[in-house]
Amino acid sequence: MVPTEINGEEVIPFKGIGKHKPTGRKYAPPIPTVLDYPEDGNKVVGSLKEALKKCGLSDGMTISTHHHLRNGDLVSNTIFDAAKEMGVKDLVWFPSASFPCNEPIMVYLEDGTVNRIEGSMNGPLGRFVSQGKMKGTAVLRSHGGRAQAIQDGEVKIDIAVLAAPSSDLFGNANALSGPSACGVLGYATTDFLYADRVIVITDNLVDFPNMPMEIQGNYVDFVVVVDKIGIPERIVSGTTQITKSPDRLLIAELTADFLQESEILKDGCYMQAGAGGTSLAIGHYLHQILKEKGWKSKLGFGGSTKYMVQMLEEGTMEHIMDAQAFDLDAVASIANNKNHHQYPVFNAYNFHSKGNLTSMMDIMILGATEVDVNFNGNVATHSDGYLLHGIGGWQNCLHAKNVILPIPLFRDRISVIKDEVTTICGPGEMIDIIVTERGIAINPRRKDLIEKMKNSSLPIKTIEELKAEAEAICGPAQKPNISDEVVAAIKWVDGTVIDVVRKVID
Amino acid sequence: MSNKIANAGNIGKKVRSDCYVTLELKDSGGIVINQKSKVQVLYGDSNNELCKDVLSFFGIENAILTLEDRGALPLVIAARIEAAIKTLIDTDKEYLLDFIDENNYTSEKEQFRFSRLYLPGNSPSMMLNAGIHEPNGIILDLEDSVAYNKKTEAQHLVRNALRGINFYGAERMVRINQFPKGLEDLKYLIPHNVHMLLVPKCEGADQIKQLEKKIVELKSQHKVTHSIFLMPIIESALGVEKAFEIATASENVVALAIGLEDYTADLGTRRTNEATESFYARSRMVNACKAAGIQAIDSVFSDVGDMEALKANVKVSKGLGFEGMGCIHPRQIKVIHESFAPEAAAIDKAMKIVNAFIIATEKGLGVVSLGTKMIDPPVVKRAEKTINLAISLGLISENWREDFLNEQAG
């Protein structure tokens, strides 16, 4: 059972897919007037601390950031350095995701500067939370769920601090140039539209007007110029690489074969895959099949990589719509190729949009740390109970027509298929196909696919058979030692609580 | 017996599915187990139990055992502890985990041996998934890929792997060490359904005879009844000269393989992609094999990144008369199978033979004939294999006979 109160606020437990429909009007920030802003348009102030002061930073406020600088982010931590100096307490950090580089924030979680993080948590921060060390309860949302929470007023952002690879003095900003160029700033869209106050922070102040203005200066309160907002080699990986692991390549090959045989792959299809080594290999195989058949994918949804760019350039993909760029080739392509479009997740994933790109996708390749015999999926915790990953766009992407999870049957002796997942992040109704190196399981709800593949030479098995196979190899596992104390809530795309994460006892 | 310490296994951040054990025998203090495992939360207790069980099996009552585990399976942990124990204690006892049912199958002399995948005998992570890539054979290597001071632990690991790791139908092969070490390897292999032994640096029939004698001894001791085949590896100038003698040294020699790295070194030359330096050796060996009625198997192709070059290499190899090749990476298997795949004419002939066999069986005839020619049972068997292979490669359909009969009728 999930609790009905988190961090002192009432929450609604998950009701089922499509069962919860918030009503009323969208949340709106306060009305500004031009009278409060300089007539010459120059909003530059001396330091982040000064900007925070001018924004009225005080106890209990919610501070938002985006994660386009990924593990090279030099901005987020400095917000809390400044807050600490100002003696402010109990802040809520509301990032679109956090990375190992944000580990220093643990100090501020310990000393009370920060009460909690509401956002995807990776690595050390996830571990910290799992051990029950965070004062408040973490709230994990999908990328779309974050937009939903902002739009329906579940989360009110007091100050958005938005790192920008280039900005002019008015706050018009984009990510196409400058030492920290990261291609797009799509995750910041909801933040600049809905936050009470918006600070743009850049290491590349350019002449007015900075075009295109992905962040529009008329939503921006202050501009701060610093030496460096990011470490380029940690922002985008110079190269994203197809896996070299023979086992993962086998999984990728099985996935591509399945998509071809089941005719899910077809001329004109819409597809999306991640930037992991296995996903890239699948993309590579699909690219070959499309080329052979003389077909093209009408649309690929990013995060994009050089492999997707290659498809665009070789004509097996007509358009790329992109929420983020994973490597330098992708960043360059966004800047140069007219068919490579910026498209924020705000539009693609958001529950409160008037239509949703993800439900239009034919092929959706996703990962998972665990799935269970009912096809429920987990991406947030490991089988040992620790919270170690964010949800990202995963929940939103489950709405696609065909959701495929290519995953190894076990990792380091830990079976991926369980009787029950440690944490439910996505309901089994939405996951269609599990592809492992030892066989492919089709969700029994997909009678059409089962019928279509009944004479296939591919190793189609039931999920129970796959589970038994993994257990025979790995041996029976003991139960992790987990207490009743809730340390994190997992939100569904509509804002209800689908599951919670509980404290791990070492 | 104070202060006796032994180690076994592998350690390091990149090590997976393996562990490192340090065993210190004591005079008192009972059994102390210090475990640090990557999967402690899920397998800490069962690992502990296993450690205690192995120690007690060998009658050890006082010891400190440190287990640094990187997700090793029980069969790996047990092998590591047993190896550590045996460096300290002289014993013939063996700690054997269950022999899994999936590994209860035999191989045959006439089996296709297009691909054989080499795996280092002391690296468990590669063994677990080797079979899913469907090589014709999997070789657990005790020779060159295992460091001299790791031979004992590799013997135990390979033994446990033969028992507990699913080979998924691949022929179960082990490359033993050069003699005399290679003869000591046998007791870890013969009782555990090894199908085929690869004999390195083979230079004469006497080596094979010496080996056979030891195998016969162990087979009777362990009541093993199935054949244990041999694939001697020719890796020297002398070996090449003695190829026919080796090929005919025993009825269990079903194939010869050539090892070109050592051979070219022996010639005092270098291995090139064109391979002109080994043309004589390869042709000579192929000829010896054909004369002896056994398979000729080519060396490995070491550039694992270049599938086009591999393809070209296999074509040449097949053209010279080779019937198989070694692999050092699972991605090579598919390319090798496709390149060694039977040609249309061979498939056609096989279909005729199998068809004749089916008709003869239906009619209750004891003799299969095709036209005026009698067909021996091994030829039928081989034809069936060609057909199965053609089906598995997607060259003909599973219901090929319908099409075949229709075509004949039409």
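**Stop 1**

Start in chain A and select strands β7, β27 and β28: they form an open sheet of three strands in the order β7-β27-β28, with mixed pairing. At the edges are β7 (138–140) and β28 (497–504) of chain A, each pairing on one side only. From one strand to the next, the twist averages 40°; axes here are lines fitted to C-alpha atoms, for helices over the stretch in contact, and angles run from 0 to 180 degrees between N-to-C directions.

Strands (E, at least two residues) and helices (H or I, at least four) are DSSP runs, numbered from the N terminus. Two strands count as paired if DSSP finds at least two bridges between them.

Now pick out β27 (residues 482–491) of chain A. Which way does it run relative to β28(A)? The two are antiparallel, and six bridges join them. For one facing pair, click I482(A): V504(A) in β28(A) stands opposite.

**A word on what you're looking at**

This is a predicted model, in which local features need pLDDT of at least 70 and side-chain atom pairs count only at pLDDT 80 or more, while totals for chains, interfaces and linings use all residues. Residues are numbered from 1 along each chain as its sequence is written, and chains are lettered from A and ligands numbered from 1 in the order in which they are written.

pLDDT is the predictor's confidence in each residue, from 0 to 100. Chain B has a mean pLDDT of 93, with 99% of its residues at 70 or more. The model's scores are ipTM 0.88 and pTM 0.91.

**Stop 2**

Is D506(A) buried or exposed? It counts as exposed, because it has 7 C-beta neighbours inside 10 Å. The cut-offs: a residue is buried if 20 or more other C-beta atoms lie within 10 Å of its own, exposed if 12 or fewer, and partly exposed in between, with C-beta atoms placed from the backbone.

**Stop 1**

Next, select helix α15 (residues 463–474) of chain A. Its 12 residues should span 16 Å at 1.5 Å a residue, and that agrees with the 16 Å between its end C-alpha atoms. The expected span is 1.5 Å times one less than the number of residues.

Colour I463(A), L466(A), K467(A), A470(A) and C474(A): these are the buried residues of α15(A). They cover an arc of only 100° around the axis, so they sit on the same side of α15(A). The arc is that of the directions from the helix axis to the C-beta atoms.

Then show what the buried residues pack against, including β24 (433–436) and β25 (439–442) of chain A. Just after the helix, G475(A) takes a positive phi of about 85°.

**Stop 2: a loop in chain A**

Go to the loop between β11 (197–202) and β12 (222–225) of chain A, where you'll find P212(A). The peptide bond joining M211(A) and P212(A) is cis, with omega about -5°.

**Stop 3: over to chain B**

Chain B has a cis bond to see as well: from F179(B) to P180(B), with omega near 5°. P180(B) is in the loop between β7 (171–175) and α5 (181–185) of chain B.

Now select I31(B), in strand β3 (residues 31–37) of chain B. I31(B) is partly exposed, with 15 other C-beta atoms within 10 Å. Leaving aside neighbours within four places in sequence, I31(B) is in contact (C-beta atoms, placed from the backbone, within 7 Å) with K52(B), L55(B) and A63(B).

Finish on helix α12 (residues 331–340) of chain B, whose buried residues are Q332(B), I333(B), I336(B), H337(B) and F340(B). Seen down the axis, they fall within an arc of 130°, so they line one face of α12(B). Among what covers them are β5 (115–120) and α11 (307–320) of chain B.

Conventions: Two residues are in contact if their C-beta atoms, placed from the backbone, lie within 7 Å.
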